[in-house]
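Here are a few notes from going through this one, for your next look at it. Have the structure open while you read.

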Amino acid sequence: MAPHSGINTDDIREKARKDLLDLLEGVRGKKNLVIEKSLAGPIGIFVKFSTLQDHGVDKVFFLENDNVDASQKNVIFLARGEKANQPIAVAEQIKRLQKQSNIDHEFSVVWVPRRTLVCNKILEEAGVLGDVGVEELPLHFIPLEQDVLSLCLDDCFSDLYLRKDPTSIFLAAQALMPIQQAHGLFPRIIGKGDNAHRLMELLFRMRSEAAADESTTSKFGLMPSASVESLVIIDREIDFATVLLTQLTYEGLIDEMFGIQHNQAEIDSSVVGPAPGAQQSGRTPAAPAQQGLKRKIQLDSFDKLFEQLRDTNGAIVDGLLNKVARRLQSDMESRHTAKTTSELRDFVNKLPGYQTEQQSLKTHIGLTEEIMKNTQGDIFRRTLEVQQNLYDGSDPSYQHDTIEELISRDVPLTAILRLLCLESCISGGLRPKDLDNFKRQILHAYGYQHLLTLDALEKMGLLSSRASANVLLNPIGMGGGAAEATKTNYNYLRRVLKLVVDEVNEQNPNDIAYVYSGYAPLSVRLVQSIIQKQHLLTITKGASAASNGVSSAAHGWQGFEEALRNTKGETFNRVQKGDDQAVKARHMLAGTGGKAKTVVVMFLGGITFTEIAALRFVAKSEEGRRKILICTTDVISGDRMMEAAIETGDFGRG
């Protein structure tokens with residue numbers, strides 16, 4: 001059998017769908033499905049509720065609501081088994097149904113993505129292990145888009161950096177292994193960061209275990225892939241600052257204002273209008289009855305207009321929507337100029353497409369108007385000004401008056417913490433006196449429960465005192481003595497990797513810095529230093545230095561070693577080799593001459609929509625030479641990063 005020509009995300013989607021439906025088919029007759037809330041969104045991406053009904057599902061309940069009824073004899077629980085909370089909830093609901101119902105229920109528990117010792121122990125201690133059928137659903141990567149795969153681990157950021165729980169690293173390794181099984185070994189594994197290094201070591205260990213297991217050796221391609229060029233692993237910890245900045249692409253702005261989860265955003269119907277086909281009453285869309293009604297809108301490539309807008313800078317979206325509106329108006333008016341019946345028939349055939357596009361246009365005009373109201377507001381502009389001054393390298397103490405003013409104006413706590421953490425990351429910490437002052441103001445303004453919030457931010461390395469970080473104020477770098485930095489030195493990297501670009505063309509961008517209107521994400525610059533060496537050397541050192549420096553055929557981090565020494569965490573570049581004869585045979589069979597190879601970029605700890613847009617920009621400029629497949633543990637934002645630390649309890653206040 002010839003090797004696969006490339007990684008097809010549709011195959012991953014279809015396998016996940018088939019595995020789930022096969023499990024449902026394994027339980028005969030009608031059944032109730034009890035699903036963990038955090039799994040509902042990811043599963044909704046690849047299977048619809050109507051399909052579940054076709055496979056015998058009568059009702060769907062959320063595990064957290066504890067409201068499953070006795071309407072069906074068969075009850076299936078679908079939950080993650082990595083932590084104790086979910087198995088405990090499953091055991092309690094099984095015991096409740098057994099006690100309250102007269103029906104002799106048949107229970108099945110499906111653990112995602114694997115059955116763990118914790119699951120077994122909790123069900124056994126509850127006395128229900130013998131009463132349930134236990135299955136596994138190896139649901140790893142969920143395709144959010146053709147070029148984006150996510151593990152959809154909502155808690156991965158706090159697990160990794162607050163609780164120091166390495167489970168998501170193991171799950172990432174488990175998800176990457178099937179790609180190697182299907183397409184061959186990653187010829188080269190390159191990465192930056194301590195957690196990234198752990199993931200690389202885990203992949204090598206899993207490969208050794210698979211090679212030793214006779215049952216898997218036959219299907220495991222123990223040779224480098226002919227279609228995959230390399231795996232690049234980026235630990236989120238090396239570049240917290242990028243996430244803390246306000247996202248300025250269209251999709252990023254929607255995420256900042258409304259939040260996007262699993263390709264869906266829940267938005268007030270007064271902004272985007274009622275759902276298509278909804279019954280219209282005599283009231284106008286802006287009537288009071290519409291206020292507060294939420295509507296879920298789908299935000300993915302099935303919406304062709306959104307696909308055009310998503311990665312553009314938010315400043316130009318208004319103009320693009322105007323162009324689409326004028327074109328659509330022109331197309332609709334063409335029905336009046338139709339002279340023959342065949343021309344009229346052609347127009348009628350296109351009408352459903354026009355109506356869909358018109359509905360999409362209305363939605364995005366409503367979203368854009370709401371976003372512009374926000375971005376033109378004083379608080380947004382002041383916040384953005386502080387951020388830009390911080391990443392430009394201005395003295396951070398000049399921004400403190402503005403931050404204090406925002407606190408006094410009762411701006412949401414997440415926005416204040418993002419600014420303070422951004423200063424801490426970029427400047428190597430805050431001066432002890434300033435840090436104590438801001439802590440006091442936050443506790444007075446937002447409540448004393450945030451002592452725990454501030455402590456959590458310090459544990460994650462997001463907020464710290466500058467006392468132990470004086471080395472980061474050295475603008476010429478750390479020198480050659482240190483093998484790896486304990487903190488990322490943005491002051492040095494700003495210059496050597498040209499993170500700040502003064503003249504940005506947002507209309508026709510020529511650099512990834514357009515996504516933040518002048519700031520290039522460090523994480524994506526590091527990816528460029530691997531796959532776009534000549535281009536990055538040209539913009540950082542000039543054309544002559546690039547031509548005399550590292551060749552375009554150079555592998556790994558070559559040419560950017562000094563920048564890597566000023567970035568937090570371990571650096572690695574490992575080659576995976578197979579049997580020489582087998583490798584030659586595979587390359588002959590694959591016939592990949594002239595075909596674009598795939599670079600798999602794995603973000604461990606989360607990625608923002610703006611970084612995805614920047615990576616797509618890199619992929620577009622590499623079109624024909626290589627493709628980029630983006631993998632991540634989850635899609636995050638600055639607010640979600642802060643929410644991982646914010647204490648929600650008020651400890652009986654009031």
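Which residues have the most contacts inside the largest nonpolar core?

1. Bear in mind that this is a predicted model. The largest nonpolar core has 166 residues, and the ones with the most contacts inside it are Leu78, Leu176, Leu199, Leu462 and Met602. Helix α18, covering residues 413-427, gives the most to this core: nine residues. Apart from that core lies another of 19 residues, with Val68, Trp111, Val128 and Val132 among them. As background, nonpolar side chains in soluble globular proteins tend to be buried together.

2. Leu176 is a handy place to start browsing. Setting aside neighbours within four places in sequence, Leu176 is in contact with Phe141, Phe186, Leu199, Leu203, Leu231, Val600 and Met602.

3. Next, have a look at Ile190. This residue sits in strand β8 (residues 188-192), and it counts as buried because its relative accessibility is 1%, under the 20% cut-off. Val232 is 42 residues away from Ile190 along the chain, yet their C-alpha atoms are separated by 4.9 Å. If you leave out residues up to four places away in sequence, Ile190 touches Ser230, Leu231, Val232, Ile233, Ile530, Gly556, Trp557, Phe572 and Asn573.

4. Finally, the cysteines. How many disulfides are there? The count comes to zero, going by cysteine sulfur atoms within 2.5 Å. Are Cys152 and Cys156 buried or exposed? Cys152 is buried, at 2% relative accessible area, and Cys156 is buried too, at 1%.

Technical notes:
Residues are numbered from 1 along each chain as its sequence is written. This is a predicted model: local features need pLDDT of at least 70, side-chain atom pairs count only at pLDDT 80 or more; totals for chains, interfaces and linings use all residues. Side-chain values use heavy atoms; hydrogens and water are left out. Buried means under 20% relative accessible area, exposed over 50%, partly exposed in between (1.4 Å probe, protein chains only). A nonpolar core is a set of buried Ala, Val, Leu, Ile, Met, Phe, Trp, Tyr and Cys residues joined through side-chain atoms within 4.5 Å. Helices (H or I, at least four residues) and strands (E, at least two) are DSSP runs, numbered from the N terminus. Contact means heavy atoms within 4.5 Å.
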